[in-house]
Amino acid sequence: MKDLSERLPATFVYAGINVTDTPLFTGVRGAQLAGRATLVDCGPLSARHGKREPFREVITDIENHLDLQQHKPGTLPRHAPYLHQRTAGRIGSLTRLIRQAAITAIHDGTERITKTTLDTIRLDHLAETHHRPHTRTRSR
């Protein structure tokens with residue numbers, strides 16, 4: 001890759017998970033790569049960014065591609081705060097939730113996604129851990 005990047009007029013994008021926790025940037029070659037690379041941390045998507053609502057926009061785009069006969073457009077974007085909280089702003093968790101809700105809607109014949117349906121879907125461990133209500137213990 002180093003040879004290619006030196007010879008081609010192109011931008012190379014390397015993608016990975018927790019790359020800073022791997023030996024990728026260690027040793028002589030790793031130091032060279034670290035000196036040429038800019039690390040972009042892609043965390044959860046924010047609910048708001050200035051006047052924009054990027055998470056709601058993603059929800060709207062996903063909903064626009066649903067092919068459920070009885071689903072009312074605008075239903076999912078109305079639940080954007082709930083969906084953001086439920087998925088911790090993670091796009092993978094969001095798409096998994098909506099995909100499973102759509103499959104459920106097809107199987108049960110309702111052909112629509114409701115908040116009740118969304119509530120029944122179990123998500124990945126990280127989202128479920130984030131969403132789980134915290135219980136307070138009182139000392140007496």
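Trainee: What do the buried residues of α3 pack against?
Mentor: They pack against α4 (75–78), α5 (80–87) and α6. Contact here means heavy atoms within 4.5 Å. Keep in mind that this is a predicted model: local features need pLDDT of at least 70, side-chain atom pairs count only at pLDDT 80 or more, and totals for chains, interfaces and linings use all residues. Residues are numbered from 1 along each chain as its sequence is written, and side-chain values use heavy atoms, with hydrogens and water left out.

Trainee: Which residues of helix α3 are buried?
Mentor: Pro-54, Phe-55, Ile-59 and Glu-63, in a helix that covers residues 54–64. Buried means under 20% relative accessible area, exposed means over 50%, and partly exposed is in between (1.4 Å probe, protein chains only).

Trainee: What about Ala-102, buried or exposed?
Mentor: Buried, at a relative accessible area of 11%. Ala-102 sits in helix α6.

Trainee: What does Ala-102 touch?
Mentor: Leu-66, Leu-68 and Ile-113, leaving out residues up to four places away in sequence. Also look at Arg-112, ten residues from Ala-102 along the chain. Their C-alpha atoms are separated by 7.2 Å.

Trainee: Zooming out, how many helices and strands does the chain have?
Mentor: Eight helices and zero strands. The pattern reads α-α-α-α-α-α-α-α along the sequence. Both kinds of element are DSSP runs, numbered from the N terminus: helices are H or I with at least four residues, strands are E with at least two.

Trainee: What is the radius of gyration?
Mentor: The chain has 21 Å, whereas a compact globule of 140 residues would be near 14 Å. That radius is taken over C-alpha atoms, and the globule rule is 2.2 Å times the number of residues to the power 0.38. The C-alpha trace spans about 55 × 55 × 35 Å along its principal axes.

Trainee: How much of the chain is buried?
Mentor: Buried residues make up 24% of the 140.

Trainee: And which share of contacts joins residues at least 24 apart?
Mentor: 55%, counting contacts between residues at least 6 apart in sequence.

Trainee: Switching to charges. How many salt bridges are there?
Mentor: Six. The rule asks for a side-chain nitrogen of Lys or Arg within 4 Å of a carboxyl oxygen of Asp or Glu.

Trainee: Why would side chains pair like that?
Mentor: Side chains of opposite charge can pair when their charged atoms come close.

Trainee: Which residue does Arg-36 pair with?
Mentor: Glu-6, with the closest N and O atoms 3.7 Å apart. This pair links distant parts of the chain, 30 residues apart: Arg-36 is in helix α2 (residues 27–36) and Glu-6 in helix α1 (residues 2–7). Glu-6 is partly exposed, at 45% relative accessibility.

Trainee: What about Asp-124, which residue does it meet?
Mentor: Arg-96, in a salt bridge of 2.8 Å, N to O. Those two are 28 residues apart, with Asp-124 in the loop between α7 (115–120) and α8 (125–131) and Arg-96 in helix α6 (residues 91–108). Arg-96 is partly exposed, with a relative accessible area of 36%.

Trainee: How far apart are the closest N and O atoms of Arg-52 and Glu-57?
Mentor: 2.6 Å, and they form a salt bridge. Arg-52 is partly exposed at 45%. Glu-57 is partly exposed too, at 34%.

Trainee: Which residues are linked in a network of salt bridges?
Mentor: Arg-48, Glu-53 and Arg-56.
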